[in-house]
Amino acid sequence: MAGNNVSYNEHGDRGLGRESTELGLEATAMTLGTAAGAAFRLFSTDYKKNEDLHQMLESNKDSLKLEAMKRIVGMIAKGKNASELFPAVVKNVASKNIELKKLVYVFLVRYAEEQEDLALLSISTFQRALKDPNQLIRASALRVLSSIRVSIIVPIMMLSIKEAACDLSPYVRKTAAHAIQKLYSLDPEQKEPLVEVIEKLLKDKSTLVAGSVVMSFEEVCPERIDLIHKNYRKLCNLLVDVEEWGQVVIINMLTRYARTQFVSPWNEEEFHEANQEKYFYDSDKEKNNNDPIAARTPYSMDPDHRLLLRNTKSLLQSRNAAVVMGVAQLYWHLAPKSEVSIVTKSLVRLLRSHREVQYIVLQNIATMSIQRKGMFEPYLKSFYVRSTDPTQIKVLKLEILTNLASEANISTILREFQTYVKSQDKQFAAATIQAIGRCATNISEVTDTCLSGLMYLLSNRDENVVAESVVVIKKLLQTQLSQHSEIIKHMAKLLDKITVSMARASILWLIGEYCERVPKIAPDVLRKVAKSFINEEEIVKLQILNLGAKLYLTNPKQTKLLMQYILNVAKYDQNYDIRDRTRFIKQLIVPIEKSGALSKYAKKIFLVQKPAPVLESPFKDRDRFQLSTLSHSLNTKANGYLELPDWPKTAPDPSVRNVEVIQPIKEVVTPVHKLKAKKDTSGAKFYSDSEEEEEEEEEESSESSTSSNGSETDSKSEDGNSSSSEDSSDSESEKEKTNEESEISDTEESKTKSKKIQSETTSESEESSSADSSKSETDSEVDSTVKQKKVESKRMSQVKDTVKQEVSLLDLVDFSDVSTPVAVPKPVTSSRLATDLEGLSLSSDSSVINVITPVFVPPKSYELLHRMSGKGLGAQYYFSRQPCIYSPNMVSVHITFINSSDQEIRNIQIGELKLTSGMKMHNFHEIDSLKPGTSKTVSMGIDFCDSTQAANFQLCTNNDHFGVSIQPPVGELLLPVSTSEKDFIKEQGKLTGMNENSTIITGAPQNNSCQVTVNKVVSIANVGVVPSSQDNIHRFAAKTVSSQALVLITIQVKEGSTVQLTINTEKTVIGSVLLRELKMVLSQE
């Protein structure tokens, strides 16, 4: 027994040992096999790839199949190729699990084009799925069917699209609209039946379908404008509720449609200007009335044209940048010029988006700013360059700032450019120097200032900045007719230091072109460059040859041998262009017996005056493309681009857009009414006050016609209950509104505003009446009932807006009031900024500068209105040189009215103001009566924004109105200040570089004593005298009225009859004009 036990245990132990050994060997083999498999997979991607997914798709459990499809769709989303799973996936296309079927269809849409043969095997399944009760399955089946690019199934696709176009689900109809484009690209011969389907889908009233069918219309038949006629008004009304990308497509299509169906609204301004012409005699006016051109009817906008502009305006608040850009281009191409500025604030808002959005928006703004710079001048600060901007954004902002440069804001822009020149971005710094050159050519008042600033940059350490400055100076000198020998001499000295080939070539060209003005320096420069001719670049060698040829013709004694040496060296140059140029020049300038007839005209050929280069914006010609298109962005016509048609001379028949309305459709009124009421309330704060009043008056006119339909109103108990509460609130709001209007009635701005509202209201009322009479569609019938409720709500919102300003998407933090002149900033007091900007005018707290009483000068009167033009009423104005009592930023102007007629003139007042951007005017009180032979003087204030531009306005009486203007001399834009000589010199040291204008007056009168000089200066400019410790130096100081910028004048009398006049101010335009006027006065006896 014991032996048996022992033997059992021995066998048992042996058995266990054998088992463990076998398990160990098996585990080792598995480990080696796994390692070998892993190593094999590194080099073979086909070995059992996605084997687990194959097994899961072939299993009988829907949960495993669903998990496998989720993983496969995830692979597709990551960009991995899953086409080898197509056979396994397509087997599950007939699955009854809806979730699984959706994922299978997603896979098939992706790979149906690649695996066409296998997809064709499942067509019967797709056709059955088109009858599925689930709308998502029906839409997915149609999407897969249209993705199979095989011409043999075109009839099946056409039949499926026609059935889906009649589907009850708008989602399926939307998918049918997308399938139309795929079928058309597969077989263009199917265009006619597809157009019939598009025509049917265009009548669809679902907002889900509208965008897709318009996209199909644009792809298949964009020339069939007749399909849009009956659906135009419906698309305009549905536009707000369509998806964002559908809105973009519809807006672009309606832009092209409007350009073919409506008359240009831009002729309105031309006709208005023609009617503003004044006739001196009444007989002339009668003659002109017989003129057919003058007697033509004034422009009135088509109601459908106004409908499009009004319904797209609210989309400027869209969160989608493409929608905002689409509305902006629509207003740019369709709206009257006076209404285009509505889009400005929305475009500036987009500059806070991503870099890609900024790039496209800035490109469009650059094109707009060339033609209408006044749109973006109030938002000048939004285009300042940030250090974090990429180079392409910086260059575009720089382009826009250059386009917006004017006399009023050039000082601010040049200060910005001074900072940009110091940028570490070399491309941006070079573009800034080119922008300074463009400003100098466009604004003649700052040409000398920009030249002096560019000359200052020639001493910069950065060689690229110096080279670009030389090139720009060369172009500027070509545009200037005056002599600039000092600049050319200075640039000739830099020739040894500059190594950039383009800059060296520019200097040599300048010396050769103006060699007669520098006769001593030019031969020496030729001697230096002749030594280094072999080592120069090709472009420099060509200019050396030109310089030598010009000097050979003008100064042969000193340069004959040098030129012969250069010609001999260039004859063996490696570049064949240089060898050809050498042979040509030698035959032309060196006379020999075989010389042709051209050698006689060598001087005329080489020394002819060259035309000055035109510095233009690279965006000047981009307006030939439609804004916000790929062609506009690339500045070349892209494939598929549709030209924007020209305006028709005569408007086509508007009745083609009328639609017969089916009467039993009143059930739809309630939801549409609620929907529109919500949208009108949400968009109410987007409109300005004037436009709200315009719509109120329009709605009140339609309210009277709506109130007659008592049966409709009584049937709605909700409307009847709410009307009493709205009437009571409306009476209170009317009282508040009348109180506000009585307070503002004294100002002339409200009068001008009311005139505009009346004129716009008449056109709006005509529009509403014509729309009601046409009864174009169901929505136009609903509008008359909707407008009742909108009147009271808008009146209340208008009163609330006057108390508390609403905040909308367009109200940005850094936006200042549009009416304030952004171009004229206040002096900065930051010490840190003073170290960054060299040569800028920065006010200092330590300097004591106070406004003082001006030196008495007899006032000089200017004619405002001649008594003949004013029919007996004459007017003269003069500047009192005293601080204005209405505002410290305004110039005080006194006007004297004289009645030269034999009748009493009544109600003399200021009518419509035609001021430039930023200007303000405080009107004088109305003169009730002016008797014959009497006169009366009144005072008013004008903020000229430190500009010499005239303030234009209308002078009205009880019978007539006359257009007049007040042109301020530059000296009257100043207020005298007192300061010490020490503070004067300190402030003058801050205003150097571009902020300094200087000239030397030769032949000045020698008897100019101190008092004579003071009298001459004070007669021109309202300045204060600064005490001076030197007898030969006279100093004067003043501040500009609007921006309080310092203007410092220094007159230094030198030996003989030479006087140096220097003006330091950050207002470079004022400094340039004042320098010119003072120079003229000081040079007179």
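Which residue in S9 is the bridge partner of Ile910? The legends below give the answer for this predicted model, in which local features need pLDDT of at least 70, side-chain atom pairs count only at pLDDT 80 or more, and totals for chains, interfaces and linings use all residues. Residues are numbered from 1 along each chain as its sequence is written, and side-chain values use heavy atoms, with hydrogens and water left out.

**View 1. An open sheet of four strands, in the order S7-S5-S9-S10, with antiparallel pairing.** Strands (E, at least two residues) and helices (H or I, at least four) are DSSP runs numbered from the N terminus, and two strands pair if DSSP finds at least two bridges between them. Strand S7 (927–930) and strand S10 (961–966) each have a single partner strand and stand at the edges, so one side of each is left without a neighbour in the sheet.

**View 2. Strand S5 and the strands it pairs with, S9 and S7.** Strand S5 (residues 905–914) runs antiparallel to strand S9 (residues 951–956), and four bridges join them. Leu955 in S9 is the bridge partner of Ile910, while Phe953 in S9 stands opposite Leu913. Three bridges join S5 to S7, also antiparallel, and here Ile908 has Ile927 in S7 as its bridge partner.

View 3. Of the 14 residues of H19, 13 are buried, a term meaning under 20% relative accessible area with a 1.4 Å probe, protein chains only. At the start of H19, the backbone nitrogen of Ala322 lies within 2.8 Å of a side-chain oxygen of Asn320.

Conventions
Buried < 20%, exposed > 50% of the residue type's maximum accessible area, 1.4 Å probe, protein only. Polar contact = N/O pair within 3.5 Å; in protein donor to acceptor, adjacent residues only side chain to side chain.
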